[in-house]
Amino acid sequence: VASKLLVISTWDTGLSANLGAWKVLSQGGRALDAVEAGVMVTEASQNCCVGLGGNPDREGIVTLDACIMDEQFNCGSVAALERIKHPISVARRVMERTPHVMLVGEGAQQFAVAQGFPLEPQKLSPDAEKAYREWLKTSQYKPVVNIENSGNRKTGPVGGANNHDTIAMLAQDAQGRLSGSCTTSGMGFKMRGRLGDSPLIGSGLFVDNAVGAAAATGQGEDVIRIAGAHTVVELMRQGMSPKVACKAAVERIAKIKGDKARDIQVCFIAVNAQGQHGAFALQKGFTYAVCDASNQQQLIQADYLL
Ligand code: SD4
(Lines give C-alpha, C1' and ligand atoms only; values in the text may rest on other atoms or scores of the structure.)
Protein backbone atom coordinates (compact mmCIF):
# COMPACT_ATOMS: atom_id res chain seq x y z
CA VAL A 1 0.00 0.00 0.00
CA ALA A 2 1.38 3.40 -0.94
CA SER A 3 1.67 5.48 2.18
CA LYS A 4 -0.23 8.68 2.53
CA LEU A 5 1.62 11.96 2.66
CA LEU A 6 0.15 13.65 5.64
CA VAL A 7 0.85 16.22 8.30
CA ILE A 8 -1.41 17.16 11.20
CA SER A 9 -0.83 19.60 14.03
CA THR A 10 -2.54 21.21 16.98
CA TRP A 11 -4.57 24.43 17.16
CA ASP A 12 -5.19 27.08 14.51
CA THR A 13 -1.57 28.01 13.92
CA GLY A 14 -1.07 24.42 12.85
CA LEU A 15 -2.23 25.67 9.44
CA SER A 16 0.87 27.75 8.77
CA ALA A 17 3.12 25.20 10.46
CA ASN A 18 1.70 22.45 8.24
CA LEU A 19 2.60 24.44 5.15
CA GLY A 20 6.20 24.56 6.39
CA ALA A 21 6.14 20.78 6.81
CA TRP A 22 4.35 20.23 3.50
CA LYS A 23 7.17 21.92 1.58
CA VAL A 24 9.46 19.15 2.80
CA LEU A 25 6.98 16.28 2.38
CA SER A 26 5.77 17.25 -1.07
CA GLN A 27 9.33 17.29 -2.37
CA GLY A 28 9.87 13.73 -1.24
CA GLY A 29 11.50 14.74 2.03
CA ARG A 30 11.67 12.83 5.25
CA ALA A 31 8.92 13.08 7.88
CA LEU A 32 11.54 13.94 10.50
CA ASP A 33 12.67 16.97 8.51
CA ALA A 34 9.06 17.96 7.91
CA VAL A 35 8.06 17.97 11.59
CA GLU A 36 11.12 20.02 12.49
CA ALA A 37 10.63 22.58 9.71
CA GLY A 38 6.89 22.77 10.42
CA VAL A 39 7.01 23.70 14.08
CA MET A 40 9.92 26.10 13.49
CA VAL A 41 7.35 28.33 11.78
CA THR A 42 5.43 28.57 15.04
CA GLU A 43 8.56 28.91 17.19
CA ALA A 44 9.58 31.93 15.14
CA SER A 45 6.20 33.64 15.47
CA GLN A 46 5.23 35.86 18.39
CA ASN A 47 2.90 33.52 20.12
CA CYS A 48 1.60 33.12 23.68
CA CYS A 49 2.52 29.49 24.04
CA VAL A 50 5.44 28.64 21.74
CA GLY A 51 8.93 30.03 21.35
CA LEU A 52 10.58 33.10 22.82
CA GLY A 53 7.47 35.26 22.33
CA GLY A 54 5.64 33.00 24.79
CA ASN A 55 4.38 33.82 28.25
CA PRO A 56 7.06 33.59 30.96
CA ASP A 57 7.17 31.67 34.23
CA ARG A 58 6.33 33.33 37.55
CA GLU A 59 9.78 34.92 37.74
CA GLY A 60 9.21 36.55 34.35
CA ILE A 61 11.54 34.23 32.43
CA VAL A 62 10.54 32.38 29.24
CA THR A 63 11.57 28.71 29.44
CA LEU A 64 11.03 26.44 26.47
CA ASP A 65 10.35 22.69 26.17
CA ALA A 66 10.49 20.58 23.01
CA CYS A 67 10.92 17.04 21.79
CA ILE A 68 11.17 15.14 18.53
CA MET A 69 10.91 11.45 17.60
CA ASP A 70 11.50 9.56 14.36
CA GLU A 71 10.36 6.27 12.83
CA GLN A 72 13.07 4.23 14.54
CA PHE A 73 12.49 5.21 18.18
CA ASN A 74 15.26 7.80 18.00
CA CYS A 75 14.25 10.72 20.15
CA GLY A 76 15.60 13.94 21.60
CA SER A 77 14.33 16.50 24.03
CA VAL A 78 15.18 19.77 25.73
CA ALA A 79 13.43 21.30 28.70
CA ALA A 80 13.57 24.58 30.58
CA LEU A 81 15.72 25.99 27.82
CA GLU A 82 16.20 29.76 27.88
CA ARG A 83 17.13 32.30 25.19
CA ILE A 84 17.18 29.88 22.25
CA LYS A 85 14.84 30.56 19.34
CA HIS A 86 14.43 27.02 18.02
CA PRO A 87 14.27 24.46 20.82
CA ILE A 88 12.98 21.82 18.39
CA SER A 89 16.26 21.96 16.47
CA VAL A 90 18.24 21.66 19.69
CA ALA A 91 16.12 18.61 20.59
CA ARG A 92 17.02 17.11 17.24
CA ARG A 93 20.72 17.73 17.86
CA VAL A 94 20.40 16.03 21.27
CA MET A 95 18.92 13.06 19.41
CA GLU A 96 21.54 12.98 16.68
CA ARG A 97 24.72 14.22 18.32
CA THR A 98 24.66 13.06 21.93
CA PRO A 99 24.33 9.66 23.61
CA HIS A 100 21.34 11.09 25.55
CA VAL A 101 17.65 11.73 25.02
CA MET A 102 17.08 14.76 27.26
CA LEU A 103 19.03 17.83 28.24
CA VAL A 104 17.60 20.42 30.61
CA GLY A 105 18.19 23.99 31.77
CA GLU A 106 21.70 25.35 31.79
CA GLY A 107 23.21 22.22 30.28
CA ALA A 108 20.75 22.30 27.40
CA GLN A 109 21.61 25.94 26.75
CA GLN A 110 25.36 25.26 26.88
CA PHE A 111 24.89 22.43 24.39
CA ALA A 112 22.82 24.66 22.10
CA VAL A 113 25.45 27.40 22.13
CA ALA A 114 28.22 24.86 21.49
CA GLN A 115 26.19 23.66 18.50
CA GLY A 116 26.12 27.19 17.12
CA PHE A 117 22.63 28.32 18.13
CA PRO A 118 22.69 32.05 18.91
CA LEU A 119 21.84 33.16 22.44
CA GLU A 120 18.95 35.57 22.09
CA PRO A 121 18.43 38.52 24.43
CA GLN A 122 16.53 37.78 27.62
CA LYS A 123 13.56 39.94 26.87
CA LEU A 124 9.81 39.43 26.91
CA SER A 125 7.77 40.18 23.80
CA PRO A 126 5.51 43.23 24.25
CA ASP A 127 2.43 40.99 24.56
CA ALA A 128 4.09 38.70 27.07
CA GLU A 129 5.33 41.69 29.06
CA LYS A 130 1.77 43.02 29.23
CA ALA A 131 0.32 39.66 30.20
CA TYR A 132 2.97 39.17 32.87
CA ARG A 133 2.34 42.58 34.42
CA GLU A 134 -1.34 41.83 34.48
CA TRP A 135 -0.68 38.45 36.06
CA LEU A 136 1.54 39.99 38.75
CA LYS A 137 -1.46 41.97 40.04
CA THR A 138 -3.00 38.82 41.46
CA SER A 139 -0.20 36.28 41.01
CA GLN A 140 -2.70 33.47 40.79
CA TYR A 141 -1.86 30.32 38.96
CA LYS A 142 -4.98 29.44 37.06
CA PRO A 143 -4.63 27.84 33.61
CA VAL A 144 -7.05 29.22 31.04
CA VAL A 145 -8.89 26.61 28.98
CA ASN A 146 -8.13 26.96 25.24
CA ILE A 147 -5.87 29.98 25.70
CA GLU A 148 -3.97 28.64 22.68
CA ASN A 149 -6.81 29.61 20.37
CA SER A 150 -7.72 32.77 22.18
CA GLY A 151 -7.11 36.30 21.04
CA ASN A 152 -6.42 37.31 24.60
CA ARG A 153 -3.58 36.00 26.69
CA LYS A 154 -5.21 36.81 29.96
CA THR A 155 -8.89 36.17 29.76
CA GLY A 156 -9.00 33.18 27.49
CA PRO A 157 -11.25 32.39 24.54
CA VAL A 158 -12.76 35.43 22.92
CA GLY A 159 -13.18 33.94 19.47
CA GLY A 160 -12.01 35.58 16.33
CA ALA A 161 -8.35 36.30 16.68
CA ASN A 162 -7.13 32.73 16.92
CA ASN A 163 -3.51 33.70 16.89
CA HIS A 164 -2.02 31.53 19.60
CA ASP A 165 -0.82 28.03 19.75
CA THR A 166 1.24 25.36 21.46
CA ILE A 167 2.26 23.06 18.76
CA ALA A 168 2.50 19.31 18.38
CA MET A 169 2.88 17.89 14.88
CA LEU A 170 2.76 14.40 13.33
CA ALA A 171 3.75 13.53 9.77
CA GLN A 172 3.97 10.58 7.44
CA ASP A 173 6.25 10.73 4.40
CA ALA A 174 6.15 9.02 1.00
CA GLN A 175 8.09 6.07 2.36
CA GLY A 176 5.63 5.57 5.19
CA ARG A 177 7.93 6.94 7.86
CA LEU A 178 6.16 8.55 10.80
CA SER A 179 7.71 11.27 12.93
CA GLY A 180 6.52 13.79 15.48
CA SER A 181 7.52 17.03 17.16
CA CYS A 182 6.25 19.08 20.05
CA THR A 183 7.33 22.54 21.22
CA THR A 184 6.01 24.98 23.80
CA SER A 185 6.77 27.67 26.33
CA GLY A 186 4.60 25.62 28.66
CA MET A 187 1.80 26.84 30.86
CA GLY A 188 2.08 30.60 31.32
CA PHE A 189 3.17 31.76 34.80
CA LYS A 190 4.21 28.27 35.83
CA MET A 191 6.50 27.75 38.82
CA ARG A 192 10.16 28.16 37.96
CA GLY A 193 11.52 24.75 36.97
CA ARG A 194 8.10 23.29 36.13
CA LEU A 195 8.01 20.90 33.18
CA GLY A 196 4.88 19.80 31.41
CA ASP A 197 4.23 16.87 29.13
CA SER A 198 5.57 18.51 25.97
CA PRO A 199 9.27 17.59 26.34
CA LEU A 200 8.48 14.12 27.69
CA ILE A 201 8.67 11.26 25.21
CA GLY A 202 5.61 9.11 25.89
CA SER A 203 3.54 11.94 27.36
CA GLY A 204 3.60 14.86 24.93
CA LEU A 205 4.70 12.74 21.97
CA PHE A 206 5.18 9.13 20.98
CA VAL A 207 5.89 7.41 17.67
CA ASP A 208 5.91 3.69 16.90
CA ASN A 209 6.19 3.35 13.14
CA ALA A 210 4.51 -0.06 13.09
CA VAL A 211 1.39 1.32 14.80
CA GLY A 212 1.14 5.08 14.70
CA ALA A 213 2.00 8.34 16.38
CA ALA A 214 0.27 10.56 18.90
CA ALA A 215 0.79 13.92 20.60
CA ALA A 216 -0.86 15.99 23.27
CA THR A 217 -1.65 19.57 24.15
CA GLY A 218 -3.38 21.16 27.11
CA GLN A 219 -2.84 20.68 30.82
CA GLY A 220 0.49 18.87 30.86
CA GLU A 221 0.24 17.55 34.41
CA ASP A 222 -2.83 15.54 33.50
CA VAL A 223 -1.32 14.22 30.28
CA ILE A 224 1.75 13.04 32.21
CA ARG A 225 -0.47 11.22 34.75
CA ILE A 226 -1.55 8.73 32.08
CA ALA A 227 1.58 8.87 29.85
CA GLY A 228 -0.85 10.27 27.30
CA ALA A 229 0.75 9.94 23.86
CA HIS A 230 2.09 6.47 24.60
CA THR A 231 -1.34 5.43 25.85
CA VAL A 232 -2.95 6.58 22.59
CA VAL A 233 -0.43 4.61 20.52
CA GLU A 234 -0.94 1.48 22.62
CA LEU A 235 -4.71 1.80 22.21
CA MET A 236 -4.24 2.01 18.43
CA ARG A 237 -2.07 -1.11 18.69
CA GLN A 238 -5.07 -2.84 20.23
CA GLY A 239 -7.09 -1.95 17.16
CA MET A 240 -8.70 1.39 17.94
CA SER A 241 -8.86 4.07 15.25
CA PRO A 242 -6.84 7.24 15.93
CA LYS A 243 -9.92 9.16 17.04
CA VAL A 244 -11.31 6.42 19.27
CA ALA A 245 -7.88 5.98 20.87
CA CYS A 246 -7.65 9.74 21.55
CA LYS A 247 -11.13 9.63 23.05
CA ALA A 248 -10.29 6.71 25.33
CA ALA A 249 -7.24 8.59 26.65
CA VAL A 250 -9.32 11.72 27.28
CA GLU A 251 -11.93 9.60 29.11
CA ARG A 252 -9.23 8.13 31.30
CA ILE A 253 -8.13 11.63 32.34
CA ALA A 254 -11.73 12.76 32.87
CA LYS A 255 -12.36 9.81 35.17
CA ILE A 256 -9.26 10.60 37.22
CA LYS A 257 -10.17 14.28 37.50
CA GLY A 258 -13.84 13.81 38.40
CA ASP A 259 -15.52 17.18 39.07
CA LYS A 260 -12.24 18.99 38.36
CA ALA A 261 -12.27 17.89 34.72
CA ARG A 262 -14.21 21.05 33.81
CA ASP A 263 -11.32 23.25 34.93
CA ILE A 264 -8.84 21.89 32.43
CA GLN A 265 -8.38 21.18 28.75
CA VAL A 266 -6.51 18.18 27.35
CA CYS A 267 -6.38 17.21 23.70
CA PHE A 268 -4.77 14.47 21.66
CA ILE A 269 -4.00 14.09 17.96
CA ALA A 270 -3.05 10.78 16.36
CA VAL A 271 -2.11 9.17 13.06
CA ASN A 272 -1.92 5.45 12.37
CA ALA A 273 0.46 3.62 10.08
CA GLN A 274 -2.23 3.55 7.38
CA GLY A 275 -2.32 7.34 7.34
CA GLN A 276 -5.70 7.76 9.05
CA HIS A 277 -5.85 10.64 11.48
CA GLY A 278 -8.03 11.70 14.37
CA ALA A 279 -8.22 13.84 17.47
CA PHE A 280 -10.28 14.28 20.60
CA ALA A 281 -10.46 16.85 23.40
CA LEU A 282 -11.86 17.04 26.90
CA GLN A 283 -13.65 20.32 26.18
CA LYS A 284 -14.99 22.26 23.28
CA GLY A 285 -12.65 24.60 21.39
CA PHE A 286 -9.79 22.37 20.28
CA THR A 287 -8.88 22.64 16.61
CA TYR A 288 -6.33 20.72 14.62
CA ALA A 289 -4.92 21.37 11.18
CA VAL A 290 -4.60 18.71 8.50
CA CYS A 291 -2.59 18.90 5.32
CA ASP A 292 -2.55 16.14 2.70
CA ALA A 293 -2.62 15.87 -1.08
CA SER A 294 -6.35 16.58 -1.27
CA ASN A 295 -6.69 19.10 1.55
CA GLN A 296 -3.78 21.43 1.76
CA GLN A 297 -5.47 23.66 4.31
CA GLN A 298 -8.01 22.06 6.52
CA LEU A 299 -8.87 23.07 10.06
CA ILE A 300 -10.98 20.57 11.98
CA GLN A 301 -12.96 21.22 15.16
CA ALA A 302 -12.22 18.21 17.31
CA ASP A 303 -15.04 16.39 19.05
CA TYR A 304 -15.02 16.61 22.82
CA LEU A 305 -16.21 14.84 25.92
CA LEU A 306 -17.81 17.45 28.20
C1 SD4 B 1 2.25 22.15 29.03
N2 SD4 B 1 1.09 20.85 27.39
O3 SD4 B 1 3.29 22.76 29.27
C4 SD4 B 1 1.77 22.09 27.61
C5 SD4 B 1 0.93 23.29 27.37
C6 SD4 B 1 0.09 23.21 26.14
O7 SD4 B 1 -1.42 24.09 24.74
O8 SD4 B 1 0.09 22.27 25.41
N9 SD4 B 1 -0.70 24.19 25.86
O10 SD4 B 1 1.57 21.62 29.91
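Predicted model: local features only at pLDDT ≥ 70, side-chain atom pairs only at ≥ 80, totals over all residues.

Me: In what order do the four strands of the open sheet lie?
Reply: Helices (H or I, at least four residues) and strands (E, at least two) are DSSP runs numbered from the N terminus, and two strands pair if DSSP finds at least two bridges between them. Here the order is β7-β8-β9-β10, with antiparallel pairing. Because β7 (205–208) and β10 (277–281) have a single partner strand each, they stand at the edges, and one side of each lacks a neighbour in the sheet. From one strand to the next the twist averages 10°.

Me: How many bridges join β9 to β10?
Reply: Five bridges join β9 (residues 266–272) to β10, and the two run antiparallel. Within this region, C267 stands opposite A281 of β10.

Me: Which strands do helices α7 and α8 lie across?
Reply: Axes are lines fitted to C-alpha atoms, for helices over the stretch in contact (C-beta atoms, placed from the backbone, within 7 Å). Angles run from 0 to 180 degrees between N-to-C directions. Helix α7 (residues 228–237) lies across β7, β8 (212–218) and β9, at about 145° to β8. Helix α8 (residues 242–257) lies across β8, β9 and β10, at about 20° to β10.

Me: Is T166 buried or exposed?
Reply: A residue is buried if 20 or more other C-beta atoms lie within 10 Å of its own, exposed if 12 or fewer, and partly exposed in between, with C-beta atoms placed from the backbone. T166 is buried, because 30 other C-beta atoms lie within 10 Å. T166 is found in the loop between α5 (126–138) and β5 (167–172). An unreviewed UniProt entry annotates T166 as "active site"; such annotations may be inferred rather than shown by experiment.

Me: With which residues is A302 in contact, leaving aside its neighbours within four places in sequence?
Reply: They are C267, A279, F280, A281, F286, T287 and Y288. A302 lies in the segment after β12 (298–301) and counts as buried, because it has 22 C-beta neighbours inside 10 Å. From A302 to T287 the C-alpha separation is 5.6 Å, although they are 15 residues apart in sequence.

Key:
Residues numbered from 1 in each chain as written. Contact = placed C-beta atoms within 7 Å.
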